[in-house]
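My plan is to look up a few spots and jot down what I find.

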Amino acid sequence: MEAIRTFSEILAKAEALEPVTVAVAAADDREVLEAVADAKKRQIADFRLFGDRNKIRAIADEIGLSLNPDMVTDQPNPALASREAVQAVREGQADVVMKGMVQTADFLRAVLNKEAGLRGSGVLSHVATFEVPGYDRLIHVTDPALNIAPSLQEKVQIVQNVVRLCHSLDLAEPKVAVLGAVEVVNPNMQPTLDAAALAQMNRRGQIKGAVVDGPFALDNAVSVEAAEHKGIKSPVAGRADVLLVPDIEAGNMLYKSMVYFARSKIGGLVLGAKVPVVLTSRADTHEAKLNSIAMAVLQADFNKRQA
Ligand SMILES: CCCC(=O)OP(=O)(O)O
């Protein structure tokens with residue numbers, strides 16, 4: 001099967017699958033509700049909306065989104081709306097939970113809550129998927145939003161989470177580039193030591209389903225010319241599908257530069273939870289939120305097939 005290379009392909013595939021029900025936390029936002037309207041039109045998802053009912057109704061009227069009365073739960077407090085959206089998933093009323101106009105930390109607190117959240121058995125991590133003008137494949141950046149400064153052991157699980165996402169996008173053996181500031185191992189630079197360990201763990205079969213190599217600087221991970229110029233020989237060099245960043249600062253800056261400088265299309269999910277979790281920046285467009293919902297549809301289908 002050919003790997004999916006664009007968000008149009010993700011959307012087309014989602015349209016051919018069973019629709020999911022998405023519980024949206026703090027849905028009182030125009031970009032969120034435009035994504036809801038688009039997803040309903042494409043019949044890829046139904047929705048339960050948690051947020052300020054009056055604001056939701058006013059925006060829905062403006063954009064021509066029809067709401068039935070039991071679709072909206074009035075909860076103007078974004079942190080509480082997050083808890084209620086997560087609870088709806090736990091009670092089986094929804095298959096997916098989505099961050100709306102709420103701070104990432106408040107939303108994640110509800111998802112990560114030990115008793116009332118949606119933790120799976122391992123580490124949860126965030127992935128941002130980009131369709132970058134001029135790059136010949138989707139590129140997945142992890143983790144720009146959740147793990148602040150992951151240890152080597154956490155990085156192993158972050159890689160495993162993203163490899164599973166790639167498999168749900170029909171990419172059987174993703175090329176994972178572990179990023180640092182340089183492409184050689186430097187004992188004073190922990191990301192380069194972790195990269196070398198991850199590459200060796202992959203060679204020894206401790207990380208499966210992908211080719212993992214590093215350290216790479218960003219240029220030689222995504223540009224064949226840059227890699228050749230620097231004499232770096234690796235199947236991953238210049239052809240990365242996944243960029244594993246050393247920490248949240250590097251990841252979040254890369255995310256926002258992909259969006260604001262490179263004008264990339266984007267989708268974002270939290271991986272490793274009991275259900276797919278849609279998580280984009282509050283400032284991302286309705287198109288980004290729709291792409292993320294479509295990714296969640298593919299992930300839900302993949303999880304069902306693997307269960
Ligand atoms: C996935 C990006 C997380 C983030 O930065 O969210 P906000 O922009 O809403 O803070």
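Before anything else, a term I need: I call it a polar contact when a pair of N or O atoms lies within 3.5 Å, and inside the protein one of the two must be able to donate a hydrogen and the other to accept it. I also keep in mind that this is a predicted model.

**Entry: Arg-137**

I started with Arg-137, which sits in the loop between strand 5 (125-131) and strand 6 (139-142). Which backbone oxygen lies 3.0 Å from a polar atom of its side chain? I found that it belongs to Arg-239. The side chain of Arg-137 also makes a polar contact of 2.9 Å with the side chain of Asp-136.

Is Arg-137 buried or exposed? I looked up its relative accessibility, 15%, and it counts as buried because the cut-off is under 20%. Setting aside neighbours within four places in sequence, I listed its contacts as Arg-5, Phe-130, Arg-239, Ala-240 and Asp-241.

**Entry: Val-224**

Arg-239 came up again when I checked Val-224, which touches Gly-238 and Arg-239, not counting residues up to four places away in sequence. Val-224 belongs to helix 9 (residues 224-229). Its relative accessible area is 22%, so I noted it as partly exposed. I also looked up the pair Val-224 and Val-236: they are 12 residues apart in sequence, and their C-alpha atoms are 9.5 Å apart in space.

**Entry: the ligand**

Then I checked distances from ligand oxygen atoms to side-chain N or O atoms. For Ser-281 I got 2.6 Å, for Lys-256 2.7 Å, and for Arg-282 2.7 Å. The ligand has 310 Å² of accessible area on its own, and the protein covers 88% of that.

**Entry: helix 6**

The buried residues in helix 6 include Val-156, Val-159, Val-163 and Cys-166. Residues three or four places apart in an α-helix point the same way, because a turn takes 3.6 residues. After helix 6 comes Asp-170, and I noted its positive phi, near 65°.

Note on methods. Residues are numbered from 1 along each chain as its sequence is written. This is a predicted model: local features need pLDDT of at least 70, side-chain atom pairs count only at pLDDT 80 or more; totals for chains, interfaces and linings use all residues. Side-chain values use heavy atoms; hydrogens and water are left out. Buried means under 20% relative accessible area, exposed over 50%, partly exposed in between (1.4 Å probe, protein chains only). Helices (H or I, at least four residues) and strands (E, at least two) are DSSP runs, numbered from the N terminus. Contact means heavy atoms within 4.5 Å. Accessible areas come from the Shrake-Rupley method with a 1.4 Å probe; for residues, only the protein chains shown count as cover.
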